[in-house]
Amino acid sequence: MDLAKAKDEDKLSMCRKYFLGGFAFLPFLWLINSIWFFREAFRKQPYAQQKAIRMYVIKSMIACAVATSCFIAWVTVFQLHRAEWGATADYISFIIPKGIP
């Protein structure tokens, strides 16, 4: 979809839907929202819906950063302590590594 051809109300509605969609365990929508609407929020001439779009873009950036940080922290902790957790770690693993931990 070309944002230049969309109405300002439609842009705001889409930006809001992408932001809320990120809470449905789809944090990549926050990244997409941040990138796709960045120009609309910060580089275009001011218009009525721009303030709300800017708010959703900023919140999407923050939420994406938090989700990414949590994911990296979880992967790091899991990789460092998988062997110590024994069977519990095996139950939550997709692939069980073979060999000596």
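**Setting up.** I am working with a predicted model, where local features need pLDDT of at least 70, side-chain atom pairs count only at pLDDT 80 or more, and totals for chains, interfaces and linings use all residues. Residues are numbered from 1 along each chain as its sequence is written, and side-chain values use heavy atoms, with hydrogens and water left out.

**Helix 1 and helix 2.** I looked up helix 1 (residues 8-21) against helix 2. Helices here are DSSP runs of H or I with at least four residues, numbered from the N terminus. The two axes come within 8 Å and cross at roughly 150 degrees. Axes are lines fitted to C-alpha atoms over the stretch in contact, and angles run from 0 to 180 degrees between N-to-C directions. Helix 1 is therefore roughly antiparallel to helix 2 (angles over 145 degrees). The crossing is left-handed (the near helix is turned anticlockwise from the far one by less than a right angle). On the helix 1 side I found M14, C15, Y18, F19 and G21, which meet L29, W30, I32, N33 and W36 in helix 2. Contact means heavy atoms within 4.5 Å. By class I noted 8 nonpolar, 2 polar and no charged residues. Ala, Val, Leu, Ile, Met, Phe, Trp, Tyr, Cys and Pro count as nonpolar, Asp, Glu, Lys and Arg as charged, and the others, Gly among them, as polar.

**Helix 2 and helix 4.** Next I took helix 2 (residues 28-36) with helix 4 (residues 50-85). Their axes come within 8 Å and cross at roughly 140 degrees. W30, L31, N33 and S34 in helix 2 meet residues of helix 4, including Y56, M61 and A67. The contact has 8 nonpolar, 3 polar and no charged residues.

**Salt bridges.** How many salt bridges does the structure hold? I noted 4. Each is a side-chain nitrogen of Lys or Arg within 4 Å of a carboxyl oxygen of Asp or Glu. E40 and K11 pair at 3.1 Å, N to O. E40 lies in helix 3 (residues 38-42) and K11 in helix 1, so the pair ties together parts 29 residues apart in sequence. Both E40 and K11 are buried (under 20% relative accessible area; exposed is over 50%, partly exposed in between, with a 1.4 Å probe and protein chains only). K44 also bridges to E40, at 3.7 Å. K44 is partly exposed at 34%. D8, K11, E40 and K44 are linked in a network.

How values were computed:
Helices (H or I, at least four residues) and strands (E, at least two) are DSSP runs, numbered from the N terminus. Angles under 35 degrees count as roughly parallel, over 145 as roughly antiparallel, 65 to 115 as roughly perpendicular and the rest as oblique.
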